[in-house]
Every structure is written in structure tokens, then in C-alpha cells.
Amino acid sequence: MLKKLKAALGFDIKAEAYAYGHDPEYGYLSAQKVPERWVKTTCGYCSVGCGMVVGVREGKIVSVHGDQDHPVNRGTLCPKGLSEHQTVASPNRAQVPLLRNRSGVLERVPWEHAYRAMVAGVREVQARHGLESFAVLSTGQLVTEEFYALGKLVQLGFHTPNYDGNTTLCMSSAVAGYKQSFGSDGPPGSYLGLQTAEVVFLIGANIADNHPVLWHHLNQNENRTLIVCDPRKTKTAMLADIYLPIRPRGDIDLLNGLIHLVIEHGYARREFIDAHTRGFAELEAHCRAYPLEVVAARTGLPPKLIWDAFQTIARAEKVFFAWTMGINHSTQGTDAVSLINTLALITGNIGRTGAAPMSITGQCNAMGSREFSFTSSMPGYRKFEKQEDRRELAGLWGIGAQQLPSRRGLAYPDIVDAILEGKIRALWVIATNPVLSFPDQARLQEALGRLDLLVVQDGFHPTATTELADLVLPAAIWGEKEGSYTNSERRASRVRAAVPPPGEAKPDFEIFLDLARYLGVGDHLFPGWRGPEDAFAEIRRVSAGRLCDYSGMSYAQMEAQGGIQWPCDEQHPQGCDSLYAAGIFPTEDGRAHLLFASAEKGPEEVDRIYPLLLNTGRTVEHWHTGTKTRGVPILAKLAPEAWVEINPQTARRYAIGPHDRVSLISARGRVDGLLVRISETIGPEQVFVPFHFAEQCVNKLTLPAFDPKSREPNYKQCAVRLERYRQPLP
Ligand SMILES: Nc1nc2c(c(=O)[nH]1)N[C@H]1C(S)=C(S)[C@@H](COP(=O)(O)OP(=O)(O)OC[C@H]3O[C@@H](n4cnc5c(=O)[nH]c(N)nc54)[C@H](O)[C@@H]3O)O[C@H]1N2
Ligand SMILES: Nc1nc2c(c(=O)[nH]1)N[C@H]1C(S)=C(S)[C@@H](COP(=O)(O)OP(=O)(O)OC[C@H]3O[C@@H](n4cnc5c(=O)[nH]c(N)nc54)[C@H](O)[C@@H]3O)O[C@H]1N2
Ligand code: SF4
Ligand SMILES: [Mo]
């Protein structure tokens with residue numbers, strides 16, 4: 001029977017069951033997999049930040065299960081978390097430093113050689129073309145302690161401000177939107193809000209696929225009404241009480257319309273608005289241009305649906321507004337975020353549990369990078385342009401304030417432009433895989449090809465990006481290193497090493513400290529540091545008194561509590577669930593700004609040549625560019641290849657049947673052999689493709705259009721044409 005099932009499924013359920021058979025009592029499946037010891041840590045995929053327990057036997061991670069005591073997930077994990085231990089043993093792990101030799105081949109070198117080559121290469125470029133000709137691209141997937149060390153190393157060791165992260169591909173619009181509205185970054189709410197709000201409004205967020213464990217929080221809230229706004233009828237949308245199948249980019253019109261209805265029908269909380277905000281009169285005047293019929297026409301939503309959503313939001317005492325990439329991935333992302341903040345403010349939904357505008361972040365430690373990475377702001381949410389902030393930080397570090405940059409360096413897309421212009425000649429890429437994830441691949445790859453030096457530091461090799469590198473630095477990954485991650489709700493949780501990294505790979509932290517030594521700045525930047533706990537001690541010191549205050553945290557308390565939400569100081573030793581409870585905001589006058597905006601034309605509209613709008617995103621089984629998940633057997637089997645979702649009407653128009661293959665072509669490139677999924681989840685003029693698959697890299701099609709304020713790419717809409725595909729697969 002088992003054999004038959006195995007044949008039918010195409011994989012060994014006994015082995016696969018073990019990926020899920022995480023409890024010691026399942027040990028009978030395979031005696032070699034009974035753990036000798038358990039290590040508590042935090043999941044290294046998404047920003048939900050689930051607590052997990054890792055089983056170790058003979059120096060290998062043999063299983064994983066959810067931590068029953070962790071407040072975020074109470075023992076549950078999603079399929080990626082449940083199989084995360086299998087990423088560690090992947091045959092594609094980077095194990096030794098590799099340097100490209102004269103014949104163009106990547107060749108194994110000792111670490112000392114790799115460090116010397118990197119430092120000499122960067123110095124040469126900087127000597128010839130200036131300090132700023134060296135740029136660094138990092139990630140949201142290191143531990144906070146690594147971000148902190150890297151920031152110091154780049155800005156004060158290598159002396160280049162041109163340092164940014166893949167977080168600009170992800171949530172820089174949320175950051176910029178928060179800064180515009182409230183004067184600072186920092187998600188005001190927490191997951192408890194999902195459990196306690198009367199209304200949860202998800203905008204451009206497909207949590208069923210991408211933040212699956214958040215469903216457990218929603219499920220504990222029996223009385224809530226769930227509103228979902230997404231052009232695609234996602235798994236999340238299918239579970240909504242009110243689903244708003246909005247026209248792509250219709251959000252700004254919808255939000256203006258909702259704000260108008262709230263004000264017009266007397267639901268605006270005037271007392272709160274008068275005491276804690278500014279700009280109401282201008283907002284009211286602006287939104288008069290958005291009567292229901294106009295908004296319905298522009299968004300493609302029936303007036304009744306908009307009305308229902310308005311009534312539901314306006315009448316509730318507690319509304320939790322949460323959004324993700326459907327909002328951020330747009331040339332108008334920042335302003336859309338500010339409009340969500342404005343709607344929350346005028347309805348009094350801020351500063352209370354269950355009442356907040358909340359950007360759900362993406363990567364496991366996107367927050368740590370926002371708070372301490374020294375990219376778009378200085379550690380502790382300090383502003384480059386504020387002299388007081390520079391003085392304070394310099395004082396804490398015992399350096400002169402003039403050593404700190406007074407402006408931020410180039411953002412990610414501007415680094416790419418500067419490479420193309422010949423201004424940036426050397427690039428260090430850490431824990432991100434741009435050669436699949438950046439829009440308009442042809443242009444990106446042209447840029448990388450022009451570099452004099454490309455150093456890539458990754459846990460895996462080969463990846464699309466390491467393959468192009470002049471120097472590959474092999475890094476330890478989740479399961480092999482120490483530190484902490486901070487999740488979407490500001491909760492810092494411990495990350496523990498369960499096993500040593502493979503081969504000669506080292507934790508990123510060690511690589512940064514080693515490089516500082518080779519640069520001759522080790523004692524200056526990291527005096528007496530031995531491990532991440534020394535960085536954490538400094539993080540506590542430099543964040544004291546800031547909004548993102550870690551001063552009251554300790555590793556021991558994080559482990560005991562299952563993470564602590566900042567601000568955590570003497571006054572709040574257990575951390576805080578909501579920001580802005582007193583209605584005072586970190587702006588000049590302490591008031592939040594009621595910002596508004598009007599919708600502009602998208603950066604690329606459909607036309608006769610490219611008549612379909614391409615939407616891109618994710619699926620539950622895979623993680624981004626697939627370096628981690630595509631090597632995990634059960635995930636690879638569940639979602640082996642890319643697909644394109646096509647509405648039945650469109651399929652009829654093109655005479656396409658289920659399981660046919662098609663090509664998508666945009667003005668920038670083509671992707672061939674995509675498997676067709678005919679489905680009502682997608683509208684007739686749209687198609688959807690996930691971006692996880694190197695063989696069918698959808699970023700060959702996407703366009704280089706960026707939000708002018710946040711520099712975030714517009715990944716969610718570009719114009720494509722569809723053709724049938726009959727050749728053998730590429
Ligand atoms: N399984 C899995 N989970 C992940 C990740 C992963 O790769 N795989 N990545 C993590 C990361 S880094 C991130 S950033 C998050 C992202 O999490 P999500 O933002 O949920 O992911 P996406 O699929 O990119 O996009 C969300 C939705 O936006 C919708 N959308 C597109 N255009 C519009 C529009 O104009 N308006 C509105 N309202 N919606 C629109 C799309 O149809 C899509 O359903 O997921 C995190 N979790
Ligand atoms: N079309 C389209 N493109 C998109 C998106 C979209 O929705 N549509 N989403 C965008 C978003 S939101 C994001 S966040 C980006 C993500 O894009 P990327 O950051 O490029 O994606 P990842 O696959 O997560 O890349 C992380 C890399 O770090 C490596 N790694 C993992 N852990 C470690 C570690 O501890 N140390 C080191 N040194 N390396 C490590 C992995 O092997 C991998 O190569 O993609 C963006 N691109
Ligand atoms: S929901 Fe996110 S944090 Fe939790 S197990 Fe899944 S990927 Fe990991
Ligand atoms: Mo992301």
C-alpha cells in the first residue's frame with residue numbers, strides 16, 4: 001500500500017512525513033532522526049517570527065517543530081518553517097571562499113586570501129574613482145547584530161554612504177509613508193490587534209500564502225469582520241467577509257473615497273483629530289473630489305461594496321489596517337501608505353490594541369535592518385540630516401560628529417544607475433539575489449557586467465548572483481548562527497546556532513569582524529567584541545531613549561518571554577504592544593500629519609501590443625528566489641515550477657486550455673514555457689506569475705519604475721503580451 005502511494009505521489013511519504021513528523025514520538029520513523037538535544041530559535045523565513053525548536057543529532061539538524069510557548073505561533077508553523085532544517089543540509093550550500101582566476105574560473109582560496117583580495121580590490125577602486133565608487137547591497141535576512149556591525153563597517157570602515165538593502169525592494173514605501181505621517185518609522189500595532197479588532201482590513205496582503213501563521217491570530221477573533229482588498233481573489237480574499245476586487249492601482253482612489261465618506265457622514269473623530277493631528281481642513285477639501293460614484297468608476301468596485309466597507313470601518317471601535325506589497329510595490333506606494341495612515345487617524349484607530357495602521361513586513365529581520373543597519377537612516381532611527389542625531393550618536397561611539405555622513409547614500413535602484421553610469425565600480429552583495437529579484441533583469445545584468453569587482457556573500461552557491469561574482473564569501477545561515485531577529489510587531493526574538501556551518505563557511509558576523517581587521521579598523525569599530533552579544537550590548541546603549549528602544553532587553557529575557565516588543569526600557573520592562581498610546585507623535589509639533597494624494601497614471605499601461613497587465617508575487621511553498629526552498633524536497637514537489645494564472649475569458653480569447661504552455665513578452669524581455677492555470681482568481685485583463693523560479697524569471701519582464709520618495713520598484717503592474725508556446729521547454 002505504502003509503495004503504491006509512494007509511486008502515485010512520486011515521493012516517499014515516510015521521508016516527507018518526517019519533515020512534518022517533528023515530534024520525538026515520531027522518532028520510530030527513523031531511529032537516526034531522534035534528536036539528542038533541542039535548541040530554541042526563531043524561523044528564518046518570514047516576518048511573522050515564529051518560535052521553533054530544532055532537534056539536533058550527531059551535529060546535524062534532524063527536525064523542527066513549533067515552540068508551544070512562543071506567543072507568536074503557540075506551536076504552529078507553516079510548510080516552510082516545518083521543513084527549514086532541510087535547507088541547512090542542502091547540497092548547494094556555499095562552503096569555501098572562491099576567487100575568479102585569470103581564466104575566469106571561480107577557484108577555491110583560503111579565507112585570508114579572500115579577505116586580502118577583497119580589501120585590496122575595494123581600495124584600488126576607491127583610490128582610482130573615489131570612496132563612493134564602492135557600494136553595498138544587503139538584506140532583511142541577517143541577525144540584527146550583523147546589521148549593526150555591517151553598518152559601522154561600511155560607513156566608518158569603507159567610508160562609503162552608498163549602502164542599501166533589498167528592503168528597498170520590499171517596504172521602503174511603508175518606511176517613507178510612516179515617516180511622512182508620524183515623523184518616524186515604526187509599525188504602531190501588533191498581532192494582538194488581529195485577535196482583538198472588530199474589523200481587520202487587509203490591503204494588498206495575501207497572508208494565507210505569505211504570513212500563514214497570522215491566520216491563527218485572526219481565527220482567535222470570532223467577532224471580527226475581515227475586509228480584503230486585492231485585484232486577485234487570493235486564498236486570503238476567499239476567506240473575507242467583504243472582498244473588494246479592486247482594479248490594479250485603484251487603492252489611492254478607494255482610500256480617498258473612504259476618507260470622504262467618513263468625513264461627509266460625520267464619523268471623523270473630531271476630538272482626536274483636533275488634539276493630535278494637523279491638516280484636516282486641507283484633507284476635507286481634497287477628498288470632496290471623491291464622491292462614491294467617481295470612486296466606484298475608477299476602482300471598478302460596485303458602489304454598494306464600497307459603502308459596506310465604509311460602514312463597517314466607520315462604525316467599529318477598533319479597526320486594524322494591515323497592508324503589504326499590493327500597496328508598497330508601486331510608484332505611488334509611499335502616498336498610498338500615508339493615505340492608510342490618514343484613514344486610521346481620522347477614525348481614531350491608533351495607539352490602542354486592535355486599532356492601528358500596520359505594515360506587515362516581509363523578511364525575518366527586515367525590522368532589524370530598518371532600525372540598526374545604517375542604510376536609509378542611522379542606528380536607532382536617527383536621521384542623517386539632523387545635526388542633533390549625528391552629535392548624539394557620535395558621542396555614544398566616541399567619535400567626532402563630522403565622521404558621520406550628513407545625508408543618506410544612493411538607494412538600491414540608484415546604485416544600479418550609478419553602476420551603469422560608471423560612477424560605482426565595485427559592489428558587495430550580502431544575502432540577496434538581485435539576478436532574479438530586481439526588476440528589468442537585462443538592465444541589471446548589464447550593470448553587474450560593468451563592475452570591476454563584484455563580491456557576493458551568500459549561504460548558497462551557485463546562485464544566479466554568486467555565479468557572476470569575482471569573489472564568493474560562504475556564509476552560515478539560519479540554524480548556524482547567533483543573534484536576534486525582530487518581527488513585524490517589533491518583537492525581538494533569539495536566534496540560536498544549533499549546528500556549525502558547513503565546510504569553511506562562517507557567520508556573517510565573523511566575516512564582518514574579520515574584514516574590519518584586514519582593513520585595520522577592527523579595534524576602532526569593534527573594540528573587544530567577541531560575538532553578537534557584544535553588538536547587542538551596544539545596540540541597547542545606542543537605542544536607549546529612542547522610539548526603537550532596546551535598552552531594557554536581554555537575551556535571557558527574550559528566551560524566557562519568547563521575544564520582547566520594543567520600546568523596552570525601565571518604564572516598560574516587558575515591552576510595548578502599541579505605539580503612540582498618548583497620541584503624541586515624533587514630529588516637530590508632536591502631531592500626526594493627515595496627508596493625502598491623488599492617483600497618477602501607472603508607469604506602464606496596456607496597449608494593443610501588450611494588452612495584459614502582469615501582476616507578480618508569491619506562493620506559500622517558496623521563498624523568493626528559491627535558494628532555500630527549491631532544494632527542500634516536499635516544497636519542490638508541491639510547487640515544482642512557475643505558472644501563469646489566466647482568467648477563463650482570456651483563455652478562451654487565446655484558445656488556451658488548462659496545462660498548455662505560453663510565453664509572456666514585455667517591452668523588456670520574454671519568459672517562455674509558463675504552465676497555464678485557468679482560474680477566476682484573476683481578472684480578464686490581468687495575469688499573475690510568482691517570482692520564485694530562475695528558469696522562468698518574471699523579472700525579465702518587469703519594469704524599472706520606482707516610487708520617487710521611497711525608491712521602491714513597481715513590481716505589481718507591467719504590460720505584457722501572451723503567446724502560445726509549443727517548443728520543448730527552455
Ligand atoms: N511563502 C512566502 N511567504 C513570504 C515570502 C515568500 O517569498 N514566500 N516573502 C516574504 C516577503 S519578503 C514579503 S515582502 C511578503 C509579501 O507578502 P504579500 O504582500 O502578501 O505578497 P505578494 O504576493 O507579493 O503581494 C500581495 C498581494 O498584492 C496584490 N496586489 C497586486 N496589485 C495590487 C493593487 O494594485 N492593489 C492591491 N490592493 N493589491 C494588489 C497581489 O495580487 C497579491 O495578492 O511575504 C513574506 N512571506
Ligand atoms: N517580480 C517581483 N520581484 C520581487 C518581488 C515581487 O513581489 N515580484 N518581491 C520583492 C521583495 S518584497 C523582496 S524582499 C525581494 C527578495 O529578493 P532577494 O533578497 O534577492 O531574495 P532571496 O531569495 O531571499 O535572497 C536572499 C539570498 O540570501 C541568501 N542567504 C540566506 N540566508 C543568509 C545568511 O544568513 N547570510 C548570507 N550571507 N546569505 C544568506 C540566500 O541564499 C539568497 O541567495 O524580491 C523582490 N522582488
Ligand atoms: S509563518 Fe513565517 S515565520 Fe512562521 S513558520 Fe511560516 S515562514 Fe516561518
Ligand atoms: Mo519583501
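Into how many nonpolar, polar and charged residues does the lining of the second largest pocket divide?

Modeller: The lining of the second largest pocket divides into 13 nonpolar, 13 polar and 12 charged residues (Ala, Val, Leu, Ile, Met, Phe, Trp, Tyr, Cys and Pro are nonpolar, Asp, Glu, Lys and Arg charged, the others, Gly among them, polar). This is a predicted model, in which local features need pLDDT of at least 70 and side-chain atom pairs pLDDT 80 or more, while totals for chains, interfaces and linings use all residues. Residues are numbered from 1 along each chain as written, chains are lettered from A and ligands numbered from 1 in written order, and side-chain values use heavy atoms, without hydrogens and water.

The volume of the second largest pocket is about 750 Å³ (the space filled by probe spheres set on grid points joined across faces, edges and corners). Its lining holds 38 residues, and Arg247, Pro248, Arg249, Gly250 and Leu613 are the closest to its centre (a pocket is an open set of points on a 1 Å grid, fitting a 1.4 Å probe, with protein on both sides within 12 Å along at least five of seven lines; lining residues have an atom within 4 Å of a point). Helices H12 (251-264), H15 (292-299), H17 (325-328) and H18 (333-346) each supply at least two lining residues (helices, at least four residues, and strands, at least two, are DSSP runs). H12 gives the largest share, with three residues. Because domain 3 (188-360 + 589-593) and domain 4 (612-724) both contribute to the lining, this pocket lies between them (domain bounds come from an automatic or database assignment).

Ligand 1 also draws on these two domains: its shell takes at least three residues from each of domain 3 and domain 4. There are 33 residues around ligand 1, and Asn210, Asp230, Asp251, Arg618 and His622 come nearest (a residue counts if one of its heavy atoms lies within 4 Å). By class, this shell has nine nonpolar, 16 polar and eight charged residues.

Several polar contacts can be listed for ligand 1 (pairs of N or O atoms within 3.5 Å). One of its oxygen atoms is 2.8 Å from a polar backbone atom of Met325, and an oxygen atom is also 2.8 Å from an N or O atom in the side chain of Lys716. A nitrogen atom of ligand 1 lies 3.2 Å from a backbone N or O atom of Val620. On its own, ligand 1 has 910 Å² of accessible area, and the protein covers 99% of it (Shrake-Rupley method, 1.4 Å probe). Helix H9 (207-210), H17 and E21 are the elements that give two or more residues to the shell around ligand 1.

In the side chain of Asn166, an N or O atom is 2.6 Å from an oxygen atom of ligand 2. Ser437 places a polar side-chain atom 2.6 Å from an oxygen atom of ligand 2. Ligand 2 taken alone exposes 920 Å², of which the protein buries 99%.

Terms used. A polar contact is a pair of N or O atoms within 3.5 Å; within protein, one must be able to donate a hydrogen and the other to accept it, and residues adjacent in sequence count only if both atoms are side-chain atoms.
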